[in-house]
Amino acid sequence: PHIYSDNVLPEIKQFREKNKNELWFVLPNVAFEDDMSVLDRILGKIKNDITGVLISNIGQIPLAKRHGLAMRGNWSLNVFNSKCVEFYRSQGIEGITASPELKLSEIKRLQATNIEIVGYGRLQLMAFAYCHNNGQCAKCNGEDKMIQDRSNRIFPIKRVKCANCVSYMLNSDVLDISDKMSECSCIARIRLLLDEAPEKAE
């Protein structure tokens, strides 16, 4: 979700009523101390309705364990080598997403099972841990934004709200490995990042 609050509860319940598919709850890449408290409360309420959580930073592992949730590793864990894989496996993480910076040939050299990759979508370039509205939450409509550089490239800005607001700048280019599917036989899962870009740039 883009907003982590109790409002996600009816959405998850509704999904479960209509689908028997796996449902993994993605934790935010940036989570401050008060954000962790919010996530702790939410997981306590939804843990029986989800398959598990996607761990986005190492500090979220104890949180997931406390609620007895299955874990998979998000791309933001920066898995570049087999030592990273071994460590996260030792922490109980089932599927581990390799860093998007790695080439397929480098991912194969990890020699690990149940490796996942990002196969489509806009990758995050940076995070902004500040408010675009100078802390005036009442005036914020929560809409995503876009910025445009000198070469007219468009970069979507995605806002994620927990206890704090964090904005993420996404790449102007879309990653797409559909032409390399024949090389992905060693990959357990291929993830899609389906963020929709807003229409207008600022």
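**Ground rules.** I am working with a predicted model, where local features need pLDDT of at least 70, side-chain atom pairs count only at pLDDT 80 or more, and totals for chains, interfaces and linings use all residues. Residues are numbered from 1 along each chain as its sequence is written, and side-chain values use heavy atoms, with hydrogens and water left out.

**Fold.** I counted five helices and 11 strands, taken as DSSP runs numbered from the N terminus (helices H or I, at least four residues; strands E, at least two). Of the 202 residues, 40% are buried (under 20% relative accessible area; exposed is over 50%, partly exposed in between; 1.4 Å probe, protein chains only).

**Salt bridges.** My search of the whole structure gave eight (a Lys or Arg side-chain nitrogen within 4 Å of an Asp or Glu carboxyl oxygen). Lys-45 pairs with Asp-6, closest N and O atoms 3.2 Å apart. That pair links distant parts of the chain, Lys-45 in helix α2 and Asp-6 in the segment before α1 (8-18), 39 residues apart. I also noted Arg-66 with Asp-40 at 3.5 Å, N to O; this one joins helix α3 (residues 61-66) to helix α2 across 26 residues. Arg-66 is exposed at 53% relative accessibility, while Asp-40 is partly exposed at 24%.
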